[in-house]
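Keep the viewer open as you read.

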Amino acid sequence: MFDGNRRWQVMRTFVGLFLFLGSAGVVYGAEGPAAPTGLRCEYLSNPMGIDVQKPRFSWVLHHSERAQMQTAYQILIAGSAEGLDRDAGDVWDSGKVDSNDSTQVVYAGKSLSSGKTYYWKVRSWDTAGNASPYSAAAQFEMGLLSRDDWKGQWIEGNLLRKEIDLQGRIVRARAYVTALGYYELRINGEKVGRNVLDPAFTTYPKRVLYTTYDVSRRLRSGKNAFGVMLGGGWATLGRRFFDPEVGPYYKTPALLLQVNIEFEGGKTVFVVSDGSWKATQGPIVSDSVYDGEVYDARREQPGWDQPGFDDSTWSAAQTVEGSKGVLSAQMMPPIRVVDSMMPRSIASPRPGVFVFDMGQNMSGWVQLRMQGPAGTQVTLRFAELVYPDGMINRENLGEAKSRDIYTLKGQGEETYEPRFTYHGFRYVEVTGFPGTPSLDSLRGRVVHTAVGAAGSFVASKQILNDIQRLIHWSQLTNLFSIPTDCDQRNERQGWMGDAQATAEEAMMNFDMAAFYTNFIRDIRDAQFPDGSLPDTVPRKYGGVPGDLGWQTAYPLLCWYMWQQYGDRRILAENYDALKKYVAFLRSHAQDNVYRLHWEGDWVELAHTPGDYIGDVWYYYDVSLFSKMAQILGKSDEAASYGQLASQVKDALNRTFFDAHTDNYANGTQTANAMALFLDLVPKEHREAVQRSLTDDIVYGHNTHLTTGFIGVKFLMPLLTSLGRSDLAYDLAVQTTYPSWGYMVERGATTLWELWQDKAGPAMNSHDHIMFGSVGAWFYNALGGINLGPESVGYQHIRIAPQIVEDLHWASASVDTIRGTVSSSWSYSPGSIAIDVTVPVSSDAQVVVPAEAQMTDVVIREGGRVVWEDGRYVSGDPGVKGATQQGRIFTFEVGSGNYSFRLTGSE
Ligand code: BGC
């Protein structure tokens, strides 16, 4: 206990420091609201190249007083930075709008033009009618809004170049670039931007995403050279796909590029990809997402991306048909090298074989430094595991060769890192190295979609922090423009089941709004004409139609976007397609029972019948759809789908509920948890079904799980809602098989695909995110951060930490769309402390539980008594009231920081 308290104090100092640093940059006036910060446009800060005609804005409010709200706002948008400085809203001046919306505010100005940059700022008014200063200026820039804006052609080639003479003073230049595959754009000898593995993986024949770069300062008056390297990426990858339709989309990679160069005086020159480009074979001999890159440095052509290079031996680039799909702006964080890692150790299990241990299972590649004679071939092979003798174990990589081969050019020190592949690995085997490598010869390059961090969770029980660390890594290493299942074998697909199971966790841990907005569109692109959806998006693998636990990612992700970010537009945009999806389900549900299935409760330990699981999803989907209709004001449809949902529920109970044994289907944890979670159980049987479930966990399995990744997503929050957080906690901190803790104890640094500790050729990835759904439970239950009842986007918050067993403290914080929400609590006998932060314009219920036997409860907030003698004591600023229900005290508070301390006698 002492130790726990001391750690809590240390941690509080950190949290305090963090909050202090977090608020740096906020300028508070003597009184009244401070300038808004965190300006976002379509969830992105200062996005370049968006193609939404009516973008949405959000900002974060600050106020030195508690219980403050925005009562009005004003947005100014100008066509120039100087205009905005003068407070000119020549593009849009919203005027003073009476509204407390600080998120999802829809643009309503003049129509926005292709390629133009807009500058904006916002101010707000508080409850007393005081105006804040204007925010600092933010900007957003439109991409190419119509197909006619694109003047180039798709061209193919491995290495492409174009030289151009530009006369005049360049005032502004933008490059719009995409590829079927991956590209690296270079101008005058330097790489443009920091994106790697760009563009995103999409259903290319339907949609290709382009990226916009500001290249104004890269170009100069006179000769300029553009160089592009192309890799195949997902566009040319074809192996192992059962269906010819999803084989390689294209034979060779192709480029579509356009650079708009504006000169002083108003002239614009367009440099576009077309047959005037030159092409040749570069040093990349082959590249494949799964197999790695083969690079021969002897084939480098120094200066190829610089002006003045002699390209007379190069041939003319071939124009190709390319994609006829929509060209859309890539409006999400790009894939980047986000970090570099030192290897932890190096071993030489056999002569000439060097195995580096990164100490962490990661996604990306390595950078290798070496010196040696020309023609020396160095091979890097990647693995998640090693054999007892120290050699790498690659049996679980399936058909992925996952290796990079570099041939030295023999000129001094050479540095190599690949461009158009990535690996999932902890160990790197180096063979053929000239000499003996040292730890310094190699750096790990951590690569994934560069989503920002949004949340943190830490608790007094170390195993929880370890699991949180595994979730963190598994989540990030499985973000590669789509949410992937794994990062190492020949799969790495957008398996929809994995995506839906972990989206809530991801949204608490990371800034996911733009990422899922994109993925939801990917799902819509992959929908079949009959309304059904594939297992993977973009569709490459799996069943057609997908299992319902996978298809259901479509309504569920839309729903989570609504809940977490208040995104009504996503519901509206997807409504018709979702309706089609529900119609498909309905057409396969004879007598209201849906029976198509195949994955069920994937990687389960006790089998739950797939037709039962499918039917539960059917019910879930129909009832969500009915809610969406209600939110969009379509009351008739809401009612009719609501009715359908209740028919499905009745049929489900008739078909799968055994009232004699109080079990659903065959009574597995998954079966009963799903039914209880979705409130399917007839009232009079609820308690008994609960008992079936908890008995199975406690007595049937000695407090262990038998679920796969589908069941566990329901089980943990369900147990908390049943008042059994203690049991959920026991499962969460369990360290014997099967459990998350078991993975930690067995040395995992990312979550496994299976509960079992397996190696060998069968399916056993050591980096899957799908069991990571428990991460959401960490925030909701242990941290206590929840959406308020019926609330979305954290306007109303419920802070309800579950103070369980030997947990002495926990602390969670989430940067929500409305600002930071945090909750930190600590327990010691006779006393419970809860510190919370509620953003301006939000409010919260703060649930402070007393210990079961406690009497004479006194609760203070910031030292002031707010509860005493069985009564709420008013007067504390920001606290609006409190109620008691048994040993639970619930305070209603407005925005601000609060420190509640409950004491009592035992
Ligand atoms: C993937 C899983 C996926 C499953 C479904 C596996 O190969 O790795 O994560 O959901 O297939 O069939």
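A crossing is called left-handed if the near helix is turned anticlockwise from the far one by less than a right angle, and right-handed if clockwise. With that in hand, look at H12, which passes H13 in a left-handed crossing. Helices here (H or I, at least four residues) and strands (E, at least two) are DSSP runs, numbered from the N terminus.

A quick word on the ground rules: this is a predicted model, where local features need pLDDT of at least 70 and side-chain atom pairs count only at pLDDT 80 or more, while totals for chains, interfaces and linings use all residues. Residues are numbered from 1 along each chain as its sequence is written, and side-chain values use heavy atoms, with hydrogens and water left out.

Back to our pair. Helix H12 (residues 683-700) packs against helix H13 (residues 709-721) at an angle of about 110 degrees, their axes 12 Å apart; axes are lines fitted to C-alpha atoms, for helices over the stretch in contact, and angles run from 0 to 180 degrees between N-to-C directions. That makes H12 roughly perpendicular to H13 (under 35 degrees counts as roughly parallel, over 145 as roughly antiparallel, 65 to 115 as roughly perpendicular and the rest as oblique). Leu-693, Thr-694 and Ile-697 of H12 meet Leu-715, Leu-718 and Leu-719 of H13, contact meaning heavy atoms within 4.5 Å.

The touching residues are Tyr-575, Lys-579, Val-582 and Arg-586 on H8, and Glu-637, Tyr-641 and Leu-644 on H10.

Next, the ligand. Around it (a heavy atom within 4 Å) you'll find, among others, Asp-485, Trp-550, Glu-599 and Met-770.

The peptide bond from Val-544 to Pro-545 is cis, with omega near -5 degrees, and Pro-545 sits in the loop between helix H5 (513-526) and helix H6 (548-551). Tyr-737 and Pro-738 are also joined by a cis peptide bond, omega about -10 degrees.
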